[in-house]
Amino acid sequence: MASDQLLQYLFSGLTHGSIYALVGVGFTIIYAVTSIINFAQGEFVMLGGMLSFFLFASMGVPLPMAVILAIIVAAVVGALLYLLAIRSARQASVVSLIIITIGASIFIRGIAAEVWGVDAVRPPAFTGTTSWLVAGAYIQPQAVWLIGITLVLTLLLHLFFNFTMMGKALKACAINRSAAGMVGIDARAMALTAFVMAGALGAIGGTVMSPLTSITYGMGAMIGLKGFVAASIGGFKSPVAAVIGGLTLGIVEAMAVAIGWGPFSSAYKDAIALIVLLAILLLRAGQLAAQERPS
Amino acid sequence: MRKVLLVMLPALLALAMVIPALGCASEEMWDEESYVIGAIFSTTGAFSNLGVPERNTVMMMRDQINANGGINDRPLEIVFYNDESETSRCATLATRLIEQDKVLAIVGPSATGPTLGIKDIVTQAEIPLISCAAHKGIITPIEESYWVFKTPQNDQDAIHEIYSYLEAEGITKIALLTDTSGFGASGRGYLISEADLFGLTIVEDETFSTGDPSMEAQVTKIRGSDAQAVVSWATDKESAQVARDMKAQDMTIPLFCSHGVANRAFLESAGDAANGVMFPAGKLLVCDQLPDTDPQKEVLVTYRDAYEALHGTGSSSTFGGHAYDALMMIIMALERLGDDMDGKSLAEARQMLRDEIEKTENFAGTGGIFTMSPTDHLGMAPDPFVMIKVVEGEWTWYQY
Amino acid sequence: MMNVERLQRFNWRPVAIGFLLVLLLLMPFNWFMGQYTTLLVFIGLHTMVTVGLCLLLGYTGQVSLGQAAFYGLGAYFSAVLSKTYGVNPWLAMIIGAIATGTFAYVIAYPIFRLKGNYLAMATLGLGIIMYVLFRQMAQYTGGPDGMGGIPQLAIGSFVFDTPFKRYYLVWFFCLSILLLSQNIVNSRTGRALRAIHGSEAASASLGINVAQFKMKIFVLAAVYASLAGSLFVHHLSFVNPQPFGFLGSVMIVVMAVVGGLASIWGAIFGAAMVRILSDELLLRFGELDIVIYGLILMLVMIFTPEGLFVRLKSYYRRWQTGRLGEVEL
């Protein structure tokens, strides 16, 4: 394989990987703080993309404002999801919570189809659509935005969790909720924060991604699943791990296309992501069993 | 308690053996006050881009007809269901239309999977079905398709249209890029099996899933091959993405798409990457460019104007047209039958309607000109397609 | 007052079960609920899959988000063997059940080293991998378009060729499975399983082979699902991958949870509630149906996390013991 082609696959993998990473980070933050797998995570991405398009195209809001508004609305939806659905279900088991978030995702998707219709939409790119040629491989400006924003956010999240009071409080909740409670950390406030952050991160992914990929009301399901795999590869431990998981997944998928032989081909690339997930889960089985908190 | 149950179970089974004769449908009359037709479309889910215009079309036709006094002075009633693009749900809904709503015929479903899923149900229940899905297996083999008709052109014919153009252009090496959904996968099957007939070699055969963010990697793979053209089989959103990804990597070889892209959403989503894309489609998109002598021109322009008056300029699509053709054939059959169905049982009425649909002759619909026969339940005159090329963001009839 | 007490003390359970059986026997008749026969067949099929998951969830505390894969395996074994290779449909069904059970047995060992959310993830992954295989192995499975013309089940010259006949066939299997499960629950194994749910360490120290019990239940649930899948394809004479994807698995979990995790008979209730809701009640709402479906899903889980059926049963118990008015803890 020529090196320029390899680089092209790498670009493609990083672009997709960044999307998966942002969704995966949302999964990770919520899971770490609350032990809930939020299956509505993909819907935040959809909301981000859809809202930014319709604010811009139908309501004439300038694009940067539309993007910021979309992220805020998604964060509010995240907060509402926690306050109205999750917090009300106090004694719910793992399964019940999973179903609540699945119910929420179906609900949000249905509302989106009703309000915005079922056609794909595409907000304009932030800065032009003409590809740049880098060492023989093409990359679109919007893809650079996407990868760049993902990396910047990763750095910010890392700093936030390790060097701010609030970040440390969240981390404390993730490590031991009851102990965190004893030192005066309000677990509920932390859970709310986690949902707001996850909503905003998903929407950031959606607004930056949709000029590149277009977006439909139903796209959250697939993206959510990939983000979930990314978070699993990262072990649901830290945002940085989830980003690495996402980028790995993106690159593995692109390479599956590149190899294009038998099971390693575009036809089976969705399965490959999940085989990677299974392999990682099983290899880590012993370690994970020790981590799992009693529900 | 357990013993009682254990005794009851074999008894239950024995009863099941004896009872069936008693369970047969009694002679039921059809509702002669109005014509009740069922409609199943995928207005949400994977095939919603087909189902929504189909449902809108059928609603519009119902309102028009009832505003003009109905059929044979009786109102047309439509019972709408949404199968959510799911086969087993479609099966439940079809049974419901047959058993509870007691419809005379069913229009739809939108997609191949659901249609094949209810083929046996409608055959067993003996009720006419006119599907809006393209797969040839819907109406073949004809012995198993006595009750089933369809209006969209065969996938295979669309592929022949593209391949004969490629052959004429002297292209011999092509790359395939198809969706793993039902539509893309059955297209891929034909694309592979028909290639030899036109002297084409498939040098790359890539697929993607509905909902993938982009097809960049697959396009890169094709760029590295010596393909002279790309044939992509998918619906609007994914095809638009393929066009954009090819443009982003500065690829200059031509892109051919399926008739699945024949709607406004494709143009909007692909933007200027759509320019140069070619695909075979029904004549609806370019109906203004047809000569006045074309027998379909009048119906096409009328349908498009009526639809767009309700749903906005550029909103009409060939998919809605398939539903138009399907319902129109039923309406015409009912008109021809006149009062003949009065006093008949529901089963007899369905049989008469089926037989009358099969007598459809020279009906100029939106998809083509239909002449049904006992051996052909599509009955479309040859060359229903035109080659369409996108030029400066507009559909253009490409004559070669 | 005396009368109420007598009513309360009376054991209503056999009456309820008897009533249910008579109802089941008569429902598909045209003069009763004949128009709902297809719906009732689907309820029966889903009950079969749900019971397996109820056992797994209720008696091991573990969730599988990939149960539809086993349902699909049974379906495809029956479809491919009976249609493509001309194998007798009953034999195909048995082969399917054995193969699915074996597959479940093989994967059970590595997968049950995981627990809780991680087990859910692993089964979810497994389910989707199977779904991709159903879709991609088109030369055998017919791909996403599926395959039709699958032969009917028959006993001698008696062919199960109408929904009416298949209704009794499906419910025969369904009730047999329910009874079998009931026996398992009330057996030594069942008590062991409940012990596991209570505390794994405690049950292990009592000499119960925890891992083996979990695996047994997992295999049993897979076999139930496989049988249901076989009946499903012979009912529709058609199979495609769609019912066996992630949402298919989710639907089964929802049915199990609505029915109550630890309740065998709740499985019928759960399957019936979900199917009636989505196939009958929500149809009146047109396109808003999925919005309302999502909303109901959330509300049911928020307000009765232990399952609707279990909640109703607990009301009944409290009525029986005369404590209905008391505040729930």
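**Ground rules**

I'm working with a predicted model, where local features need pLDDT of at least 70, side-chain atom pairs count only at pLDDT 80 or more, and totals for chains, interfaces and linings use all residues. Residues are numbered from 1 along each chain as its sequence is written, chains are lettered from A and ligands numbered from 1 in the order in which they are written, and side-chain values use heavy atoms, with hydrogens and water left out.

**Entry 1: chain A overall**

I started with secondary structure, taking helices (H or I, at least four residues) and strands (E, at least two) as DSSP runs numbered from the N terminus. Chain A has 12 helices and two strands. Reading from the N terminus, I get α-α-α-α-β-β-α-α-α-α-α-α-α-α.

Next I checked the radius of gyration (over C-alpha atoms; the globule rule is 2.2 Å times the number of residues to the power 0.38). For 295 residues a compact globule would come out near 19 Å, and chain A has 19 Å, so the two agree. Its C-alpha atoms fill a box of roughly 55 × 50 × 35 Å along the principal axes.

I then looked at burial (buried is under 20% relative accessible area, exposed over 50%, partly exposed in between; 1.4 Å probe, protein chains only). In chain A, 62% of the 295 residues count as buried. I also looked at contacts, meaning heavy atoms within 4.5 Å. Of the chain A contacts between residues at least 6 apart in sequence, 73% join residues at least 24 apart.

For charges, I counted Lys and Arg as positive and Asp and Glu as negative, leaving out His and the chain ends. Each charge is placed at NZ of Lys, CZ of Arg, CG of Asp or CD of Glu. Chain A has 13 positive and 8 negative side chains, with the centres of the two sets 14 Å apart.

**Entry 2: chain C overall**

The C-alpha box is roughly 70 × 55 × 45 Å along the principal axes.

Buried residues make up 61% of chain C. Among its contacts between residues at least 6 apart, 78% join residues at least 24 apart. I find 21 positive and 11 negative side chains here, and the centres of the two sets lie 12 Å apart.

**Entry 3: A:Asp270**

Is A:Asp270 buried or exposed? It counts as buried, because its relative accessibility is 8%. A:Asp270 lies in helix α11 (residues 269–283) of chain A.

I checked its polar contacts (N or O pairs within 3.5 Å; within protein, one atom must be able to donate a hydrogen and the other to accept it, and residues adjacent in sequence count only if both atoms are side-chain atoms). The A:Asp270 side chain makes one with the side chain of A:Lys226 at 3.4 Å, and another joins it to the side chain of B:Ser209 at 2.5 Å. Beyond neighbours within four places in sequence, its contacts include B:Asp212, C:Val132 and C:Arg135.

C:Leu220 sits in helix α11 (residues 210–236) of chain C. C:Leu220 and C:Leu55 are 165 residues apart along the chain, with their C-alpha atoms separated by 9.0 Å.

C:Thr100 is in helix α5 (residues 89–111). At 0% relative accessibility, C:Thr100 counts as buried. Residues that C:Thr100 touches, not counting those up to four places away, include C:Phe70, C:Phe77, C:Ala222 and C:Ser226.
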